[in-house]
Structure formats: structure tokens, C-alpha cells
Amino acid sequence: MEIRENITLAPYTTFCVGGPARWFMEAASEADLTEAVSFARAKNVPLFVLGGGSNLLVADKGFPGAVVHVVNRGIREEMDGEHGIFTVAAGEDWDRFVSTVVARDFAGIECMAGIPGTVGGTPVQNVGAYGQEVASTIVAVRALDRASLRMVDFSAANCQFGYRRSIFNSTARDRYIVTEVGYRLRLHGAPHLAYKDLAEAFADKPATPKLTQVRKTVRSIRRKKGMLLVKGDKDCRSAGSFFKNPVVSESQLADISARVSKEANLAGQAEAAPIPHFAAEPGTVKLLAGWLIEHAGFPKGFALGAAGISSRHTLALVNRGEATADEILALRDQIRKRVLAQFGICLEQEPVYLSGS
Ligand SMILES: Cc1cc2nc3c(=O)[nH]c(=O)nc-3n(C[C@H](O)[C@H](O)[C@H](O)COP(=O)(O)OP(=O)(O)OC[C@H]3O[C@@H](n4cnc5c(N)ncnc54)[C@H](O)[C@@H]3O)c2cc1C
């Protein structure tokens, strides 16, 4: 495997931002990944695992360690009754995989069409969209244990999936490199139409839509929101949603609502807008980070230098041209500060920040 030096990372990310990696390798096999881990150990530098760079912000100064880009390929499949078990190499493009299986009428991931990045990135933050999450179809994850240099096979339960969470981005962060993911998809299964925008798109159609129609509609909704990677579309020079939707207790929601009403009264407004929320785990609710951001005074299209908020989606911070990572972080901090002051909620960042420190 070739080991390159001082490779600029910006072109490897959807934000198109960031400085160089001191060392850079492309791993096409488990043996390459083992070599990459050994190389970083020998140099005594940190090793960062890069997939499609779509959930990543790289610091302007770059990364003084080694980056291994996962580029292994291949899909194996077998039938298990009415289900297909697809074992997919981590370096495969996620959206292409969705397109392939949906065209063959396998259900389970059709709502996650158009999400950029690699297959290996999907279990890391339990990727999800429009009412589906990969956690409900993943049956196995194979990974290289960076500590023992052994391959480990995880069941879905062992991945401990939660909202944008797994062991790979929490308790075992930086321990494993995902090499393969197994998905269990139902042949001729019905599409999942739980999400409001999606259900509305098919509301006046008498027959259940085909999976291919659902995939197409998801992509077109995403495109309208600037959440599909389209060449030349400035709104998608981003990492998708920059903040997670906060999950709070029901009593916290009551406190926030009381606080908002009090402020509305003080401002002489008759009534404050109710805070939109959805049921989450028992006793908790999920708030919409986009709503909080807008109501803290950041409209769509807001600009701070070359960083900004997408003109079509409040949750996406975008690189409006030649933005630096520092400019994007400055915008992040401004948003967080005002949301905290107004609602008492500390927004959690979704993309990974790669820097020297
Ligand atoms: C326009 C746009 C829309 C998006 N929409 C959504 C959405 O609807 N839902 C959603 O959940 N996400 C969304 N995202 C975020 C992103 O696409 C996903 O999180 C994606 O799964 C990241 O995969 P990646 O390969 O690009 O990972 P990267 O960005 O390369 O890496 C992200 C993290 O995963 C780790 N990682 C990557 N590959 C591996 C591996 N093989 N083994 C171990 N660790 C690994 C990295 O080390 C890093 O910590 C969106 C992003 C963009 C730009």
C-alpha cells in the first residue's frame, strides 16, 4: 500500500474544507488496514479512518497524524426465506448500494436513499432519514480491532445503536475500523411511509408505491432541501445536519415552554409559538434543532463571512465559497450560544471535527 505525505483533505470531504494529513493511505483490504494501524503505531501518531468525508469537518491546519481512506469493495448476498442478507464492503458507496437493492425490490433502506458517504460510515452514527435507521436492518458488522489487530464480528445488539449513536462513535470510539456491514432486507417488502413529507407525497395515490418510486421521491425531497449532493449546488457543500435534534425530558420541555412564554409576555406578545416535539424514549421528547436555531434568530441563508446556513435547510451549515474551518466553527459557536441563552439547550454537533489537538 502506498503511503503518501501531506495530502490536502478538503477534496475528500463534502464541506470542501480543511488542511493536509501528514500521511495518507488508501486501504483496499483488511491486510491494508492492518498495515495502516501498524504504520501509525510505528510513527507514534494518531490514525484517523476516512470514509466518504460527508460527516466530517477538517481543521484548517490539517491533521498531523495518518489518515486511512477505506476503499475496499464488494457485495455478497444470500437469501434467508423472504429476506436477502447483503454483506457489503465498508468502502462501497452507500447511495449506490441503496439504488441497487431498491431496483431489485428489497425493502428496508429505501428512505435512506441520497445519504452520501460509505457503507462503513453507516453503523458509526446509525445513519437515518425519513423514519428509517440502519439499526433496523443491520445484522452484522465486521471490524478490525486496532488494539489487538484481530477481526471482530459484531451482532446488531453489540453495536448498541441509538439515535445517531453506536459503540463506534461513543464507548469504543477510535477502537474499530469497520470493514463490512451485513444488512437484512425484505424481498417485495412494503415501503416505509411514516415520515410526514413522504406520506403526503403519496397520500392521493390509491396503490402502495413501489420502492423505486419511494426512493425517487426521497431524493427529490432531499434535493429541494439541499440535502442531496448535486454538482454545483452550493447548499450541499456541507456535512448535512450540523446539529443533532436534542432529546430532553418531558419536564425540561415544560420548563423551556414556560421560559419561552415568559419571554413572549415580556416582549408584549400575546402567546409564544408552541415548541414542536416528538415522542422519543419513554419520558423524553425530541425537539427540532432547526426550529430552535430559527427561533434563536438564524434564518435560512444566514451568512457569517464565507460560512453560512443553507438557504433551504436551517440545520445545515454550509461553505459558501472559500470558507475556512474556523469560520464554520465561529458560526457554530454563535448559534450554540444563542440557542443556549434562549432555550437553555446546548446543541450537540453531529459531524466529526478532525484536528491536531
Ligand atoms: C448533504 C448531506 C446530507 C446528509 N444527510 C444525512 C441524513 O439524512 N442522515 C444521516 O444520518 N446522515 C446524513 N449525512 C451525514 C453523512 O452522510 C453520514 O453520517 C454518513 O454515513 C457518513 O459516512 P462517511 O463514509 O462519509 O463517513 P466520514 O465522514 O468519512 O466519517 C465520519 C465518521 O465515521 C468514521 N468512519 C467512517 N468510515 C469508517 C469505517 N469504515 N470504520 C470506522 N469508522 C469509520 C470516521 O472515522 C468519522 O469518525 C448527510 C451528509 C451530507 C453532506
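The largest nonpolar core here has 91 residues, and A36, A66, V67, V68, M112 and V178 have the most contacts inside it. A nonpolar core means a set of buried Ala, Val, Leu, Ile, Met, Phe, Trp, Tyr and Cys residues joined through C-beta atoms within 7 Å. Buried means 20 or more other C-beta atoms within 10 Å of the residue's own, exposed means 12 or fewer, and partly exposed is in between, with C-beta atoms placed from the backbone. In soluble globular proteins, nonpolar side chains tend to be buried together.

Keep in mind that this is a predicted model: local features need pLDDT of at least 70, side-chain atom pairs count only at pLDDT 80 or more, and totals for chains, interfaces and linings use all residues. Residues are numbered from 1 along each chain as its sequence is written.

Skipping neighbours within four places in sequence, A66 is in contact with A21, R22, W23, M25, A36, F39, A40, K43, V45 and L47. Contact here is C-beta atoms, placed from the backbone, within 7 Å.

Now the ligand. It is surrounded by 34 residues, the closest being G51, G117, G120, G121 and G240; the cut-off is a C-beta atom, placed from the backbone, within 6 Å of the molecule. Elements giving two or more residues to this shell are β3 (47–50), β9 (128–129) and β13 (176–187), and β3 gives the most, with three. Strands are DSSP runs of E, at least two residues, numbered from the N terminus. By class, the shell has 19 nonpolar, 15 polar and no charged residues. Asp, Glu, Lys and Arg count as charged, Ala, Val, Leu, Ile, Met, Phe, Trp, Tyr, Cys and Pro as nonpolar, and the others, Gly among them, as polar. Domain 1 (3–70) and domain 2 (75–224) each give at least three residues to the shell, with bounds from an automatic or database domain assignment.

Strand β13 also holds I177. This residue is buried, because 24 other C-beta atoms lie within 10 Å. Leaving out residues up to four places away in sequence, I177 touches L33, V49, A143, L144 and R146. The C-alpha atoms of I177 and F48 are 9.7 Å apart, although 129 residues separate the two along the chain.

N6 counts as exposed because it has 11 C-beta neighbours inside 10 Å, whereas C16, with 17 other C-beta atoms within 10 Å, is partly exposed.

Notes. Helices (H or I, at least four residues) and strands (E, at least two) are DSSP runs, numbered from the N terminus. Two residues are in contact if their C-beta atoms, placed from the backbone, lie within 7 Å.
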